Protein chains: 2
Amino acid sequence: MLKDDTIAVPQKCDDCPIRHRAVCARCEPEELAQLEQIKYYRKFEAGQTVIWAGDRMDFVGSVVTGIASLTQTMEDGRTQMVGLLLPSDFVGRPGRDGTVYDVVATTDLVMCCFRKKPFENMMEATPHVAHRLLEMTLDELDAAREWMLVLGRKTAREKIASLLSIVARRDATLRKTGMVGRLVFDLPLTREAMADYLGLTLETVSRQISALKRDGVIELEGKRHVTVPDFARLMEEAGDDSDGGMLV
Amino acid sequence: MLKDDTIAVPQKCDDCPIRHRAVCARCEPEELAQLEQIKYYRKFEAGQTVIWAGDRMDFVGSVVTGIASLTQTMEDGRTQMVGLLLPSDFVGRPGRDGTVYDVVATTDLVMCCFRKKPFENMMEATPHVAHRLLEMTLDELDAAREWMLVLGRKTAREKIASLLSIVARRDATLRKTGMVGRLVFDLPLTREAMADYLGLTLETVSRQISALKRDGVIELEGKRHVTVPDFARLMEEAGDDSDGGMLV
DNA sequence: CGGTCGATTGAATCGCATCAAGATGCGTGG
DNA sequence: CCACGCATCTTGATGCGATTCAATCGACCG
């Protein structure tokens, strides 16, 4: 892999947008200083592959801005996205040399990477990093299991509604508008990426989105800009009334 | 919940069958002594519910013998099993009060439970428990993602073959026969439980098992006793040639 | 202006769910 | 010991939902 994706400009952790959500969230100033020593930034364009399944990984890291996806592929080409990596999410596995997933930049992407060996040493030495990582991993596990229900038991329409409600919810959280009134957001995924995530074909995704639009559950401007007039209605369409379906 | 499931007989950790695989695997003798202080055993019969989704949990623990399942349910009754808990697997989430899943004993079950608060304190104090738990959680996350591919992209036949190969592999590991020659094992799940795990109906499960039998991929004695004459063939049917599909 | 990429829509097909009957096996009680 | 009931499993017929194959459309770009 070409290394011209490395960013020269150093950024202080204090100003980092994911300072309080990422693996470093719990760190004390002196631990942060240690992390600054071993960190570097990398930048990817939408569509670029960050790591191929089976590749050796000499770093771990966090998504700073943008979105990446974890994908598995079968020999015959069928693919399933198994994770959506949003800002503050962690990539890589301490104590293991490779990934089993392709990591692909879905949008333009900036990652904060740590050299693996020093990071592992830090995990041994200081509890805060390890503790935060455990917490994050447990959350991801819950999210993955939540998604198993979507993949295993929901209809195409419910799957689409589930995805939309997740993206809507995350977007609202991010900019701290509540879950009230009309929600407006952009879909960060192509129809094909949605299909890969939902275990559908892109045609079915397209059809169901059209159907939800026709039925007034959502409104569309262009292909990606979505308005949800009534979030409760969307939740209902997703098959989980009330609070259910938390993910990410 | 009735508490008559608590077992009076104390068991020493040294003799414990899951001593070196469970959350206590890395513990030093004195840490083990600490754990002994806060542990107790509980026993469940096949079919009994260990915890209901939404219930408060005042303990965490490990499966010692038997099998349990984690299940999610939608309001309309559709269910999806999101995890199969085998001996040494961990139940519960430190730092959180309840489960979001039903935990059900699939077979007769013995669990080694730790009172939650003292266990959390121990995690703070000693690194070995927390470290091992992180490792196990990362493994579970991988397994969950592996399963997402099964649920999202595999056909009914491939799903059945995937499940069989997992059970076969685990069984062979457990009794240290290799993956060579004829594999013989018992299915620990009913057709309905398999359906819940695979995102199918029990009728489809039954049909596909019959089909695999008809095609000579497996042999059956009774409903539960399975022989796999050629494991590579089974893997092929599962859609992952060579080494793929590791789970559990 | 063709060319490409993403998206939409239609028609035909197929895999799995659904509905419905039986078969098998097992424990219980007469 | 056999009859009965119940749970589990098998098998068949039918219909629906999602895939597949294919044509078309719009937006963007060189």
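Tutor: A polar contact is a pair of N or O atoms within 3.5 Å, where, within protein, one must be able to donate a hydrogen and the other to accept it. The model discussed here is predicted.

Student: How many residue pairs in polar contact are there between chain B and chain A?

Tutor: The count is 25 residue pairs, with both residues at pLDDT 80 or more. On the side of chain B that touches chain A, two or more residues each come from strand 5, strand 6, helix 2 (116–125), helix 3 (127–153) and helix 5 (191–198) of chain B. Helix 3 of chain B gives the most to that side, with 20 residues.

Student: What is the count of salt bridges between chain B and chain A?

Tutor: There are 14 salt bridges between the two chains. In one salt bridge, the side chain of Asp142(A) meets that of Arg96(B), at 3.1 Å from N to O.

Student: How is the extent of an interface expressed?

Tutor: The size of an interface is often given as the accessible area lost when the parts come together. Here chain B and chain A bury about 4100 Å² between them, and carbon and sulfur atoms account for 54% of that. Of the area that chain B buries against chain A, 19% is supplied by Arg145(B), Met148(B) and Arg153(B), more than by any other three residues. Counted by residues, the contact takes 45 from chain B and 44 from chain A.

Student: What area is buried between domain 1 of chain A and domain 2 of chain A?

Tutor: About 790 Å² is buried between these domains, 68% of it given by carbon and sulfur atoms. Gln80(A), Met81(A) and Leu84(A) supply 50% of the area that domain 1 of chain A buries against domain 2 of chain A, more than any other three residues.

Student: Now the sheets. What is the strand order of the open sheet in chain A, and what is the pairing?

Tutor: The order says which strands lie side by side. In chain A, the open sheet of four strands has the order 3-8-5-6, and its pairing is antiparallel. Strand 3 (49–51) and strand 6 (79–85) of chain A are at the edges with a single partner strand each, so one side of each has no neighbour in the sheet. On average, neighbouring strands of the sheet are turned by 30 degrees against each other, direction ignored.

Student: How many bridges pair strand 3 of chain A with strand 8 of chain A?

Tutor: Two bridges pair strand 3 with strand 8 (residues 102–105) of chain A, in the antiparallel sense. Thr49(A) stands opposite Val104(A), which belongs to strand 8 of chain A. Helix 3 of chain B packs on this sheet, where it touches strand 5 (68–73) and strand 6 of chain A; the direction of the helix makes about 130 degrees with that of strand 6 of chain A.

Student: And in chain B, which strands form the open sheet?

Tutor: Four strands form it, in the order 3-8-5-6, with antiparallel pairing. The edges are strand 3 (49–51) and strand 6 (79–85) of chain B; each has a single partner strand, so one side of each is left without a neighbour in the sheet.

Student: Which residue of strand 6 of chain B is the bridge partner of Ser69(B)?

Tutor: The partner is Leu84(B). Strand 5 (residues 68–73) and strand 6 of chain B run antiparallel and are joined by six bridges.

Key: Residues numbered from 1 in each chain as written. Chains lettered and ligands numbered in written order. Predicted model: local features only at pLDDT ≥ 70, side-chain atom pairs only at ≥ 80, totals over all residues. Heavy atoms only, no water. Pairing = 2+ DSSP bridges. Buried area = accessible area lost by both parts, 1.4 Å probe. Contact = heavy atoms within 4.5 Å. Salt bridge = Lys/Arg side-chain N within 4 Å of Asp/Glu carboxyl O. Polar contact = N/O pair within 3.5 Å; in protein donor to acceptor, adjacent residues only side chain to side chain. Axes fitted to C-alpha atoms, helices over the stretch in contact; angles between N-to-C directions.
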